[in-house]
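Here is my note on the side-chain contacts, as you asked. Please read it with the model open.

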2 protein chains.
Amino acid sequence: MKTKASMDRRSFLKASSTFACGLAGAVAFLPPVVAGAEAAPAEQGPNILGPREPYSPHVGTLVSMLNWMRGGILEPVQGLTVAQLDYLHDAKANTIGSLLLHLAAIERLYQIHTFEGKKWNDWDDMTKKQWDVAANLGKDARKGIKGNNLAYYLDKLKEVREHTLAELRKRDDAWLMQVDPDGFGGKPTNNYCKWFHVCEHESNHNGQIKWIKGRLPA
Amino acid sequence: MKTKASMDRRSFLKASSTFACGLAGAVAFLPPVVAGAEAAPAEQGPNILGPREPYSPHVGTLVSMLNWMRGGILEPVQGLTVAQLDYLHDAKANTIGSLLLHLAAIERLYQIHTFEGKKWNDWDDMTKKQWDVAANLGKDARKGIKGNNLAYYLDKLKEVREHTLAELRKRDDAWLMQVDPDGFGGKPTNNYCKWFHVCEHESNHNGQIKWIKGRLPA
């Protein structure tokens with residue numbers, strides 16, 4: 001089981017290959033819409049948000065947020081048993097387990113949407129089979145997502161996140177700023193906003209996870 | 001009462017004075033630790049995250065996140081009555097009203113901490129009197145925060161946020177990257193991480209607000 005301390009350590013090791021600040025000279029050669037950006041913090045570490053090697057500056061800043069937020073999610077669920085992960089507080093509630101799988105599902109769907117260019121909800125059958133229940137939560141999730149230990153959920157989260165980071169490494173700040181004219185609520189929405197949503201969405205459900213955790217049966 | 005639509009409209013108007021991409025040439029003259037950064041999205045609007053005039057590039061990106069997240073908070077509470085804002089789901093719960101005031105309180109304390117350089121918890125008596133109950137939630141908040149209408153909470157949030165934005169306008173990306181060696185959990189933490197936390201903290205409690213809202217008595 002991954003502890004918060006070990007995650008911090010991993011993030012720290014990963015981040016400590018400090019991003020050298022040699023981009024200034026290159027900026028003028030980038031297209032005018034996206035002049036490259038670098039504002040490297042003097043130190044690196046899990047609580048230092050900002051550009052991260054080897055990502056583009058804004059992409060790396062997003063990655064630093066995704067990493068930091070993930071630490072916040074992993075902390076409250078440490079040590080939870082299968083019974084605790086399956087605990088249903090009331091008839092409308094979701095279990096902590098299903099909320100964790102929901103986070104992986106939503107991240108996976110945003111990968112398909114933004115990396116593979118699929119319209120939201122235009123998922124293939126395999127994707128629907130694998131992720132629909134967790135993505136939609138509610139009745140089917142209450143029935144279908146149970147009996148898994150913590151490692152099951154953490155592995156799913158980790159596997160999906162690794163793919164996110166691998167795909168973000170291939171993309172630059174111009175991609176991050178690209179606008180989908182039919183984004184959230186039919187309003188123009190850029191990839192940065194979509195991925196920021198994936199990030200804050202973890203916090204949203206973390207608030208609920210902590211709420212449920214505070215009410216687990218003794 | 002402010003609607004989501006009117007907020008989006010305001011944010012859109014505010015953001016639509018597009019940040020001209022003329023910074024590339026200036027980058028080389030900035031200190032090496034913080035080379036200025038600009039990756040302006042082609043469009044502006046509430047769902048377009050990225051640099052925002054008149055802020056420094058990374059500061060403006062943070063502001064775009066704060067604005068976007070605030071829209072997410074304002075939406076579920078629209079139209080709630082005093083009784084709904086005061087609804088206590090169980091003996092350990094916080095009311096939606098107290099959670100809204102908690103968000104304003106935490107943002108105010110981060111202002112004092114990061115803009116005025118005060119150590120966390122080293123607040124003056126006036127600050128303690130005004131914000132301690134909302135910042136700490138729990139028993140005292142259950143007893144003391146009630147009877148206020150929605151406008152009361154939204155005004156507090158707005159007033160505090162306006163001060164945040166005014167102070168952020170005075171600061172640059174170098175400030176945002178500045179590291180407090182004794183930050184979260186005694187680990188080095190930069191101002192970007194502290195203000196990102198203020199932002200995702202809204203999402204965390206928004207998850208709880210929506211949870212409570214789904215269980216309000218008919």
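The points below take ring pairs, then charges over rings, then salt bridges.

1. Ground rules. This is a predicted model, where local features need pLDDT of at least 70, side-chain atom pairs count only at pLDDT 80 or more, and totals for chains, interfaces and linings use all residues. Residues are numbered from 1 along each chain as its sequence is written, chains are lettered from A and ligands numbered from 1 in the order written, and side-chain values use heavy atoms, without hydrogens and water.

2. Ring pairs. Over all chains, the structure holds 16 aromatic pairs. Rings of Phe, Tyr and Trp (its six-membered ring) pair if their centres lie within 6.5 Å; planes under 30 degrees apart are stacked, over 60 edge-to-face, the rest tilted. A:Phe115 and A:Trp175 have ring centres 5.6 Å apart and planes at 35°, so this pair is tilted. A:Phe115 is in helix α4 (residues 96-115) of chain A and A:Trp175 in helix α8 (residues 173-177) of chain A, so the pair ties together parts 60 residues apart in sequence. Helices here are DSSP runs (H or I, at least four residues), numbered from the N terminus.

3. Burial. A:Phe115 is buried at 11% relative accessible area. A:Trp175 is buried too, at 9%. Buried means under 20% relative accessible area (1.4 Å probe, protein chains only).

4. Across the chains. What is the geometry of the A:Phe196 and B:Phe196 rings? Their centres are 6.3 Å apart and their planes at 80°, so the pair is edge-to-face. Each Phe lies in helix α9 (residues 191-213) of its own chain, A or B, so the pair joins two chains. A:Phe196 is buried at 1%, and B:Phe196 at 0%.

5. Charges over rings. The charged end of B:Arg215 sits over the ring of B:Trp211, 3.4 Å from its centre. B:Arg171 lies over the face of B:Trp175, at 5.4 Å from the ring centre. The test is NZ of Lys or CZ of Arg within 6 Å of the ring centre and within 35 degrees of the ring normal.

6. Salt bridges. The whole structure has 20 salt bridges over all chains. Each is a side-chain nitrogen of Lys or Arg within 4 Å of a carboxyl oxygen of Asp or Glu. A:Arg161 bridges to A:Glu107, with the closest N and O atoms 2.8 Å apart. Both residues are buried. A:Arg161 and A:Glu107 also belong to a salt-bridge network with A:Arg70 and A:Glu202.

7. Chain B. B:Arg70 and B:Glu202 meet in a salt bridge (2.7 Å, N to O). B:Glu202 also bridges to B:Arg161, at 3.3 Å between the closest N and O atoms.

Definitions and conventions: Buried < 20%, exposed > 50% of the residue type's maximum accessible area, 1.4 Å probe, protein only.
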